[in-house]
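Subject: Structure handover

Hello,

I am passing this structure on to you, and my notes on it follow below. Please read them with the model open beside you.

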Amino acid sequence: MGIQQIIESINASAIKTDIPRIDIGDTVAAHCRIVEGNKERIQVFTGIVISRSGRGINEMITIRRIVEEMGVERILPMNSPRVAKFEVVRRGNARRAKLYYLRERSGKSRRIADRRRGLKHVGGEVVPSNA
Amino acid sequence: MSLMLLGTKLGMTRVYREDGVNVPVTVIQLGPCTVTQIRTAEKDGYSAVQIAFGSIKPRNSTQAVIGHDAKAGIEAKRYHREFRCSADDAAKFSVGQTLTVKDLEGQMFVDVTGTSKGKGFQGTMKRHNFKGMFASHGTERKHRSPGSIGSLCSNRGFGGGLKKGKKMSGHMGAERVTIRSLDIVRIDADQNLLLVKGPVPGANRGMVMVRRATRLYRSKANKVAGKKPE
């Protein structure tokens, strides 16, 4: 076994297989596990995916949402056990790999249009707007 | 009892603990090593154990090494290193014995020694963490220079010159570095893998020496004491 295969065999057990297809511009709900003392609860962070980086176990996802007119971004490891699950709420039509331009936008221009084409890879489902 | 093993640094990755904490780890393929010689005080003047690791083609080795390793009943190995131990401990090893990563089970910390990556000729800022000169305030072409290296009366060595060891520019890296008290994250006996927390000196595929932690940092010693009172 080569070096890379050995390292990947270590990572294999930690890499999640149940992550749905997430594209840039999609609105995603990340269910984060929050531990307070002995109690554990789930906090949902919903926002637009503006960036994905890294590969395999190092893959990170940046989710941006607006809270009280303030932009909040969370960079989450896709394979962290602290994220219980990712849920795609809405498919957005983004034409770039990184949507950093959204940081400068406000009001109507901050929105991303629904995606109506190119959804074959997710089984052709077209999520209606206002979902 | 002291124990050292030889291995190959494979690279770094990350591991999630049960509580979800992300731990950066270095993967080391450790052993199996073979004991090739026992040094004794009577014969060699000191007591130590010599171990061998890593395959090498016989035609790339030497007759001396081939013959030496044949005494332990193995093919010639690439690396041979010794670790010192007391005569009583050395007597517990026997020539031809195989040491594997399993022998580190139950340990919490290890020391890792390797040869750091060579950086070539480097200035004082990179090599000794000097701060350099001002970026502005009239500084010209001297932003990364070390500044004054002392007058005749300070740092004085013999004959009015500078003391040896004065920190200056020069060759950096490619030297033996030991990182002490690294946490063992996981041991995989099937694949001879050792995962330690944090980085380890040297490039991937480089040879590293891993020994039981000899002298823990105080914080880690307290941690051990708190967990396992002695």
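A term for the pockets comes first: on a 1 Å grid over the protein atoms alone, a pocket is an open set of points where a 1.4 Å probe fits, with protein on both sides within 12 Å along at least five of seven lines, and its lining residues have an atom within 4 Å of a point. Grid points are joined across faces, edges and corners, and a volume is the space filled by probe spheres set on the points.

Two sentences on the ground rules. This is a predicted model, in which local features need pLDDT of at least 70 and side-chain atom pairs count only at pLDDT 80 or more, while totals for chains, interfaces and linings use all residues. Residues are numbered from 1 along each chain as its sequence is written, chains are lettered from A and ligands numbered from 1 in the order in which they are written, and side-chain values use heavy atoms, with hydrogens and water left out.

The largest pocket has about 390 Å³ of space. Of its 17 lining residues, B:R17, B:V23, B:D183, B:I184 and B:V185 are the closest to the centre. Strand 2, strand 10 and helix 5 (218-227) of chain B each give two or more residues to that lining, and strand 10 of chain B gives the most, with 4 residues. Here the lining divides into 8 nonpolar, 2 polar and 7 charged residues.

**The barrel in chain B**

In chain B, 6 strands close into a barrel in the order 1-2-11-10-7-12, with antiparallel pairing; two strands pair if DSSP finds at least two bridges between them. The twist from one strand to the next averages 50°, where axes are lines fitted to C-alpha atoms, for helices over the stretch in contact, and angles run from 0 to 180 degrees between N-to-C directions. Helix 1 (residues 3-12) of chain A packs on this sheet and touches strand 1 (4-16), strand 2 (22-30), strand 10 and strand 11 of chain B, at about 55° to the direction of strand 1 of chain B. Contact means heavy atoms within 4.5 Å.

Strands 1 and 2 of chain B are joined by 9 bridges and run antiparallel, with B:K9 opposite B:I28. Their hairpin has 5 residues between the strands, and B:G20 there takes a positive phi near 90°. Strand 2 of chain B is joined to strand 11 of chain B by 5 bridges, and B:V25 stands opposite B:K197. Strand 10 (residues 176-188) and strand 11 (residues 193-197) of chain B pair over 4 bridges, with B:R186 opposite B:L195.

**The open sheet in chain B**

Another 4 strands of chain B form an open antiparallel sheet in the order 5-4-3-6. Strand 5 (77-84) and strand 6 (98-99) of chain B are at the edges with a single partner strand each, so one side of each has no neighbour in the sheet. Helix 2 (residues 63-71) of chain B packs on the sheet, touching strand 3, strand 4 and strand 5 of chain B.

**Between the chains**

The contact takes 18 residues from chain B and 16 residues from chain A. About 1300 Å² is buried between them, with carbon and sulfur atoms giving 63%; buried area is the accessible area (1.4 Å probe) that two parts lose on being put together, summed over both. On the chain B side, B:L10, B:R14 and B:Y16 lose the most area to chain A, together 44% of what that side buries.

**Two backbone details**

The peptide bond from B:G31 to B:P32 is cis, with omega near 0°, and B:P32 sits in the loop between strand 2 and strand 3 of chain B. B:A174 is not a glycine, yet has a positive phi of about 55°.

Best wishes

Methods. Ala, Val, Leu, Ile, Met, Phe, Trp, Tyr, Cys and Pro count as nonpolar, Asp, Glu, Lys and Arg as charged, and the others, Gly among them, as polar.
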